[in-house]
Amino acid sequence: MTTPATPPVPATPSAPARPPAAAPAAPSASRRRPWHGVLVATALPLDDDLRVDHDRYAEHCAWLVANGCDGVVPNGSLGEYQVLTPEERARVVETAVAAVGGSRVMPGVAAYGSAEARRWTEQAAGAGCSAVMLLPPNAYRADERAVVAHYAEVARAGLPVVAYNNPVDTKVDLVPELLERLHGEGHVHAVKEFSGDVRRAYRIAELAPELDLLVGADDVLLELAVAGAKGWVAGYPNALPRASTELYRAAVAGDLTTALPLYRQLHPLLRWDSRVEFVQAIKLSMDVVGRHGGRCRPPRVPLLPDQEAAVRAATEKAVAAGLA
């Protein structure tokens, strides 16, 4: 795991190289909380020299919102935040805010140190964001006291915090009982649930009914939406935003007549979100549908030929079905 970058000393925010398109209108009042709806964990476009293409990124964020998504989550794992410099990471947030407005931007603020994560949260607040998403301590297998202290420190920055439970990669599991404590002490307002255990939705609702559940893995979207999820921190809308948002809205409305066939059509792609190669797979699908996915920074390497063939075939099938 690459050490997360340390936030730079606050300074005058740098602007994208070219002025982005005008920001879309602010979310409607019906979106009571900034983490509700479909928030895309954005892939990050890189140029031929693997430098961040901020102009392309601004256009991508605006395109996602124009195609039905409610907001974006920069600096998540899909955005390759671990291999960004502090300056790049800060500017990615600023670029997203300039493109779609701060109320639609919920940056990832993960860091090995709690003080670093708090500084990233303060940077997000200064950029105009309304909430942040935070992993538990992930430099080691933290115990409950360390997890609570970590979230308490970041919450002091003043922005609402969405916890991100990813026990597969962090080796720290935010089990329902721990989420109950974090929410009860006022440290988190929602949780992105990536454990894959859909049974947790019901236990979380029993223990902390005011804690919003967010779908954290694309391939359990339907199950968690039916169980009461309030949002989806999503990967595959980077390539297929209209079909993905149609699926989400049908699922949370209980319209299984619409949702289930669409879910079956998309699932060969959605399941890549839970695989090690999810960044490469989603970027390849973006390329196939005519967006710019492109390469990843090392240590990520290209897909193996059979993996590339599988992703390409599934994406082309989705395109042929009119889902792009």
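Author: A nonpolar core is a set of buried Ala, Val, Leu, Ile, Met, Phe, Trp, Tyr and Cys residues joined through side-chain atoms within 4.5 Å. The model is predicted. Its largest nonpolar core has 108 residues, and the members that touch the most others are Met-106, Tyr-151, Leu-182 and Tyr-236. Helix H2, residues 86-100, gives the largest share of this core, with seven residues. In soluble globular proteins, nonpolar side chains tend to be buried together.

Setting aside residues up to four places away in sequence, Tyr-236 touches Asp-218, Ser-244, Leu-269, Leu-270, Trp-272, Ala-281, Ile-282, Ser-285 and Val-311.

Strand S1 covers residues 37-41, and five of its five residues are buried. S1 runs parallel to S7, and four bridges join the two. Within this pairing, Gly-37 stands opposite Gly-231 of S7. S1 also pairs with strand S2 (residues 71-73), in the parallel sense and over three bridges. Here Ala-41 faces Val-73 in S2 as its opposite residue. Together with helix H1 (residues 54-66), S1 and S2 make a right-handed β-α-β unit.

Strand S6, residues 212-215, is covered on both faces. Asp-212 and Leu-214 are buried on one side of S6, and Leu-213 and Val-215 are buried on the other. S5 and S6 run parallel and are joined by four bridges. Opposite Asp-212 in S6 stands Ala-190. From S5 the chain passes through H7 to reach S6, and this β-α-β crossover is right-handed. S6 pairs with S7 as well, in the parallel sense over two bridges. The bridge partner of Leu-214 in S7 is Gly-231. Between S6 and S7 the chain goes through helix H8 (residues 221-226), again as a right-handed β-α-β crossover.

The loop between S6 and H8 holds Ala-217. Its relative accessibility is 3%, so Ala-217 counts as buried. Beyond residues up to four places away in sequence, Ala-217 touches Glu-193, Phe-194, Asp-273 and Ser-274.

What does a search of the whole structure find in the way of aromatic pairs? The search finds two. Tyr-164 and Phe-194 form an edge-to-face pair, with 6.4 Å from centre to centre and 90 degrees between the planes. Tyr-164 belongs to strand S4 (residues 161-165) and Phe-194 to the loop between strand S5 (190-193) and helix H7 (200-207), so the pair ties together parts that are 30 residues apart in sequence. Buried means under 20% relative accessible area. At 8% relative accessibility, Tyr-164 therefore counts as buried, and Phe-194 counts as buried at 13%.

In the other pair, the rings of Trp-232 and Tyr-248 have centres 6.4 Å apart and planes at 25 degrees, so this pair is stacked. Trp-232 is in strand S7 (residues 231-234) and Tyr-248 is in helix H9 (residues 241-252), so the pair ties together parts 16 residues apart in sequence. Both Trp-232 and Tyr-248 are buried. A pair of aromatic rings is described by the distance of the centres and the angle of the planes.

Charged groups also sit over rings. The charged end of Lys-192 is placed over the ring of Tyr-164, 3.9 Å from its centre. For Trp-63, the charged end over the ring is that of Arg-291, 3.9 Å from the ring centre.

Gln-123 is part of helix H3 (residues 114-127), and its relative accessibility of 17% is why Gln-123 counts as buried. Neighbours within four places in sequence aside, Gln-123 is in contact with Ala-90, Val-93 and Glu-94. Is Gly-322 buried or exposed? Gly-322 lies in the segment after helix H12 (305-320), and at 56% relative accessibility Gly-322 counts as exposed.

Technical notes:
Residues are numbered from 1 along each chain as its sequence is written. This is a predicted model: local features need pLDDT of at least 70, side-chain atom pairs count only at pLDDT 80 or more; totals for chains, interfaces and linings use all residues. Side-chain values use heavy atoms; hydrogens and water are left out. Rings of Phe, Tyr and Trp (its six-membered ring) pair if their centres lie within 6.5 Å; planes under 30 degrees apart count as stacked, over 60 as edge-to-face and the rest as tilted. Buried means under 20% relative accessible area, exposed over 50%, partly exposed in between (1.4 Å probe, protein chains only). A charge sits over a ring if NZ of Lys or CZ of Arg is within 6 Å of the ring centre and within 35 degrees of the ring normal. Two strands pair if DSSP finds at least two bridges between them. A crossover is right-handed if, with the strands pointing away from the viewer, the path from the first strand over the helix to the second runs clockwise. Contact means heavy atoms within 4.5 Å.
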